Structures are given as structure tokens and as C-alpha cells.
Amino acid sequence: MIRTVLIDDELDSLSALKLILTEHCPEVLILDTCSSPSSGISAILEHNPDLVFLDIEMPLISGFDLLEKVKNFSLSVIFTTAYHHYAIKAIRYSALDYLVKPIDPKDLVASVERYKIQKFKSNNVEQFQFLLDKISQKEHTLKKLAIPNMEGFKLIDIDDIISCEADDNYTHIHLKNKTKLTASRTLKDIQHLLSDYDFFIRIHHSYLINLKEVNQYIKGEGGHVIMNDGS
């Protein structure tokens, strides 16, 4: 069983989440439901759950603030939010999982399945530190990216990326050391993550490139580029 605590200040959202989990995820054992950050902190400290469903936007302190107060980064967290703003990008940046309200049962089931696959593989401490640093915009964290893959996630230096190649729901990331990392994200998702860096540009529906790694541009038939790795 996956021992779980639900934290959301909106009672309707809390009830809906509990209902969907009960109906669609029988392997999830709900230890407690909390409608305030303070009760959520108490529940985490008391139950030490495997997984927490955590609302981002709450009064007084946010879900991110709650994590800093608990300081138990061995937890696995699935964030829930009704808002599409910087917080979503920060979560994606750290390769953590999230659900947008109103929660679709299929998305919830998929998140639980991802948790089961990755719970023994991901380093939550590094992921949470990436998240909290991104939220506070610490400069040194902007040079690395956590990329989710089938084994968990991989930390890469942004400057090491030469190009990103679409492959249906996956993206192949080609690096300077001539290795290829396959991310379990679409090219659109990767492009969104890298949108803060003006040297990444989408030159084709299947390719995103690092302009600093362009060796040559050749005219004709729409033109093409040769990268520093020869591609």
C-alpha cells in the first residue's frame, strides 16, 4: 500500500481528490486529509507517509513553504494546483510531478503509476532543492536541469545541450560528450523548460537547438545547420 496524506485548503477539492483516489487507486491508503498547512505539517510528522498530495496555493503559507518547514525531503510529493503560472514551470524544472485542478482521474492514475515506477530511483533531496532554488531564483541553480527519464531523472548542465530531437512523447537530448539522453517529456515540454535561455531556438517541428553550438548554416531547400558535434 502507498501510505498517503492529502493537503488542500479547499474542502471541495480535498473531497474530490479523496473520492478519485478511492475509486481509481485502491493501492493508495489515505492516512489523513488536511485542510490547512498547519494540520498538514502535523500529519506528515505524525504519519511519515510515502506520498503527499499537496496544494500549492494555500493561505498564510504555500505548499512550497510547507515543504521547507517540514524539511523531510525523503517524501514523494504530487503537487496540485488550479493555476498555470511560474510554479508549474518550477515543478517541471525539477522533474517533480503535479496535477492541475479540476483533476482528471486518468491524470491522477498516471501520476500514481509514475510514483510506483520511480519511487526507488529518484533522488528527492536533489529534486526538492532544485525546486526551492528555482522558486527563489538562486542564480547557480539556473545552470542545471533535472530531466525525467525511465530510470528516474538525470541532472544535466544546460550549456552541455547541443540539440533536442522529438520522438512522439519522448525527446532525445544530444549532449557535448556525444551521449544521448532520452527524456520522458515532449519536445514542447523541453522547449518550455528552456524558454528562459534565449540561445535555444526551435528550428523545425522536430528539433530544438543550442545556437551557441551551431558550427555552420547552409542555404538552399529551406536551409540547414551543422552543429559542433557534426550533426
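Contact means heavy atoms within 4.5 Å. The legends below describe a predicted model, in which local features need pLDDT of at least 70, side-chain atom pairs count only at pLDDT 80 or more, and totals for chains, interfaces and linings use all residues. Residues are numbered from 1 along each chain as its sequence is written, and side-chain values use heavy atoms, with hydrogens and water left out.

View 1. Asp55 lies in strand E3. Strands (E, at least two residues) and helices (H or I, at least four) are DSSP runs, numbered from the N terminus. Asp55 counts as buried because its relative accessibility is 2%; buried means under 20% relative accessible area, exposed over 50%, partly exposed in between (1.4 Å probe, protein chains only). Leaving aside residues up to four places away in sequence, Asp55 touches Ile7, Asp8, Asp9, Gly63, Thr80, Thr81 and Lys101. With Lys101, the side chain of Asp55 makes a polar contact of 3.3 Å. A polar contact is a pair of N or O atoms within 3.5 Å; within protein, one must be able to donate a hydrogen and the other to accept it, and residues adjacent in sequence count only if both atoms are side-chain atoms.

View 2. Five strands run in the order E2-E1-E3-E4-E5, with parallel pairing. Strands E2 (28-34) and E5 (97-100) are the edges, each pairing on one side only. Twist averages 20 degrees from one strand to the next. Two strands pair if DSSP finds at least two bridges between them. E3 (residues 51-55) and E4 (residues 76-81) are joined by five bridges in the parallel sense. Phe53 stands opposite Ile78 in E4. Helix H1 (residues 11-24) packs on the sheet and touches E1 (2-7), E2 and E3; its direction makes about 170 degrees with that of E2. Helix H2 (residues 37-47) also touches E1, E2 and E3, at about 140 degrees to E2. Axes are lines fitted to C-alpha atoms, for helices over the stretch in contact, and angles run from 0 to 180 degrees between N-to-C directions.

**View 3. Helix H3 and its ends.** In H3 (residues 63-70), Gly63, Phe64, Leu66, Leu67 and Val70 are buried. They lie on the same side of H3, because they cover an arc of only 155 degrees around the axis, taken from the directions from the helix axis to the C-beta atoms. At the start of H3, a side-chain oxygen of Ser62 comes within 3.3 Å of the backbone nitrogen of Phe64. Just after H3, Lys71 has a positive phi of about 55 degrees.
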